[in-house]
Amino acid sequence: MRSRLFLKIYLTLLASLAAVAVASAAFVWLGQGEEELSWESQRARFVTALIPPDMDRSSVEATLERFSRAFDADIAVYDPRGKLIASAGRPLPPYIIERPWHHGRGNFHTMVTELPDGRAVAARMERPFRPAGRNPLAYLALIAGVIGLAAYPVVRHLTRRLERLRGGVDAWGRGEFVARVPEDGSDEVAAVAKSFNKAADHVERLITSHRALLANASHELRSPLARLRMAIDLYEQAPDESRKEEIVRNLAELDTLVEEILLASRLDHVEQLDAPESVDLLALVSEEGARNGVEVSGTPATVTGDARLIGRLVRNLMQNALRHGGPPVTATVAREGSMVELRVRDHGPGIPDSESARVFEPFYRPSGRSEATGGWGLGLALVRQITERHGGAVRYEAPSGGGACFVVTLPVHTA
């Protein structure tokens with residue numbers, strides 16, 4: 001089962017070699033037959049020139065005697081009726097002219113040449129008076145065997161790589177999401193391995209992100225749910241307006257958290273925006289600033305993207321500064337070459353340098369913060385996701401005057 005592909009490829013190669021060998025042998029065999037006929041015709045003309053039909057018997061015998069001594073052969077000439085005309089050397093059997101070519105005892109060969117005038121010349125010698133015979137099938141079989149042996153390691157190497165690829169896919173299918181396959185080589189098998197590893201990395205990141213999101217979300221949901229249950233119990237015992245407001249506030253917090261979780265999950269599966277449009281970033285920031293009480297300044301700039309998502313990005317930055325920073329909170333929009341830069345700064349305690357790289361992680365809780373105080377939630381994680389989906393980047397800076405500053409860069413809108 002494991003070597004089925006190897007056997008298919010290797011047997012196909014051997015079958016192709018066999019078909020080529022048979023076709024070549026047939027071609028060579030037919031060509032050899034034509035060559036044989038041509039050689040026999042030239043031999044007959046040569047012998048006729050040496051022993052012409054009008055030559056007397058004594059001259060024929062003298063010529064045959066010279067040939068017999070020169071080639072150490074037994075030679076005889078027969079008339080068209082098969083009667084012996086002349087001979088030299090040892091006598092030949094009477095049936096010799098009925099067998100044009102055959103092997104005798106030892107290394108002797110006998111051949112009969114029919115002349116154009118009807119006569120026949122029979123010769124028995126140690127070496128045949130003809131081209132040396134070669135068997136083309138033997139050479140073709142030897143070539144096919146050498147090619148088959150040479151092709152074995154090549155085909156085995158190819159199928160072994162395919163088997164490793166299949167083993168990696170099977171392991172990944174069993175739930176081993178860290179399984180990867182070797183990417184050695186530059187052919188189609190290596191391209192498939194690279195594509196598989198790339199897809200496996202993407203799926204592993206998604207699964208890890210969703211597991212972390214689910215674990216953190218379930219943890220973060222417990223606090224507002226516990227507060228909501230307690231507020232409802234107290235409100236049932238003694239209805240009070242402040243307790244009612246507490247219930248509404250906890251419900252709003254739950255609604256916001258669930259909305260952020262759904263949005264983060266959706267952005268994980270989105271590679272590009274559905275319907276991007278031109279967005280006036282300064283106008284959008286000014287609108288959010290007026291809603292949240294944040295001072296906004298800068299120059300007009302247009303970006304390409306989803307206005308609703310960009311608005312969510314600006315709102316999260318401002319609310320994060322208001323919740324975790326200190327007043328005053330300011331927002332600035334500026335054009336920097338082919339990019340538009342949005343800065344949202346507060347004047348709070350800032351973020352330690354050791355934790356500045358982790359503020360964009362979902363539900364990250366800085367050291368020293370209690371569970372009641374809460375962590376960063378999904379606000380800054382959504383800011384990073386939305387920024388990346390728009391082809392931009394976000395970073396944290398520590399201003400010289402204290403506080404925290406988040407900088408978002410987005411490409412300028414091009415017609």
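Rings of Phe, Tyr and Trp (its six-membered ring) pair if their centres lie within 6.5 Å; planes under 30 degrees apart count as stacked, over 60 as edge-to-face and the rest as tilted. Keep in mind that this is a predicted model.

**Exercise 1. Ring pairs**

Task: How many aromatic pairs does the rule give, and how are F67 and F71 arranged?

Solution. 
- Step 1: Applying the rule gives three aromatic pairs.
- Step 2: In the pair of F67 and F71, the centres are 6.0 Å apart and the planes make an angle of 5 degrees, which counts as stacked.
- Step 3: Now find the two rings in the chain. Both belong to helix α2 (residues 57-71), where they sit four residues apart, about one turn of the helix.
- Step 4: Check the surroundings. F67 has 24% relative accessibility and is therefore partly exposed; F71, at 41%, is partly exposed as well.
- Step 5: Turn to F360 and F406. Their centres are 5.9 Å apart and their planes stand at 85 degrees, so this pair is edge-to-face.
- Step 6: F360 is in the loop between β10 and α8, and F406 is in strand β12, so the pair ties together parts that are 46 residues apart in sequence.
- Step 7: F360 is buried at 8% relative accessible area, and F406 is buried at 3%.
- Step 8: Ring pairs join F360, Y396 and F406 into a cluster.

**Exercise 2. The nonpolar core**

Task: Which residues have the most contacts inside the largest nonpolar core, and which element gives the largest share of this core?

Solution. 
- Step 1: The largest nonpolar core has 39 residues, and L317, L342 and F406 have the most contacts inside it.
- Step 2: Elements giving two or more residues to this core include α6 (281-292), α7 (307-324), β9 (330-336) and β12 (404-411).
- Step 3: The largest share comes from α7, with seven residues.
- Step 4: Zoom in on L317. Leaving out residues up to four places away in sequence, L317 touches L342, V344, L380, V383, F406 and V408.
- Step 5: There is also a second, separate core of 15 residues, with V47, I75, V77 and V121 among them.

**Exercise 3. The two faces of a helix**

Task: Which residues of α6 are buried, and which exposed residues does the face turned away from them carry?

Solution. 
- Step 1: Start with the length. The twelve residues of α6 reach 16 Å from first C-alpha to last, close to the 16 Å expected at 1.5 Å a residue.
- Step 2: The buried residues of α6 are L281, L282, L284, V285, E288, G289 and N292.
- Step 3: The face turned away from the buried side carries the exposed residues A290 and R291.
- Step 4: Partners of the buried residues include β6 (277-280), β7 (295-298) and α7, against which they pack.
- Step 5: Look at both ends. At the start of α6, a side-chain oxygen of D280 comes within 3.3 Å of the backbone nitrogen of L282; just after α6, G293 has a positive phi of about 75 degrees.

**Exercise 4. An aspartate in a strand**

Task: Is D74 buried or exposed, and which backbone nitrogen does its side chain reach?

Solution. 
- Step 1: D74 is found in strand β1 (residues 74-78).
- Step 2: Its relative accessible area is 6%, and buried means under 20%, so D74 is buried.
- Step 3: The side chain of D74 reaches the backbone nitrogen of R90 at 3.0 Å.
- Step 4: Apart from neighbours within four places in sequence, D74 has contacts that include A88, G89, L92 and A122.

Terms used. Residues are numbered from 1 along each chain as its sequence is written. This is a predicted model: local features need pLDDT of at least 70, side-chain atom pairs count only at pLDDT 80 or more; totals for chains, interfaces and linings use all residues. Side-chain values use heavy atoms; hydrogens and water are left out. A nonpolar core is a set of buried Ala, Val, Leu, Ile, Met, Phe, Trp, Tyr and Cys residues joined through side-chain atoms within 4.5 Å. Buried means under 20% relative accessible area, exposed over 50%, partly exposed in between (1.4 Å probe, protein chains only). Contact means heavy atoms within 4.5 Å. The expected span of a helix is 1.5 Å times one less than its number of residues. A polar contact is a pair of N or O atoms within 3.5 Å; within protein, one must be able to donate a hydrogen and the other to accept it, and residues adjacent in sequence count only if both atoms are side-chain atoms.
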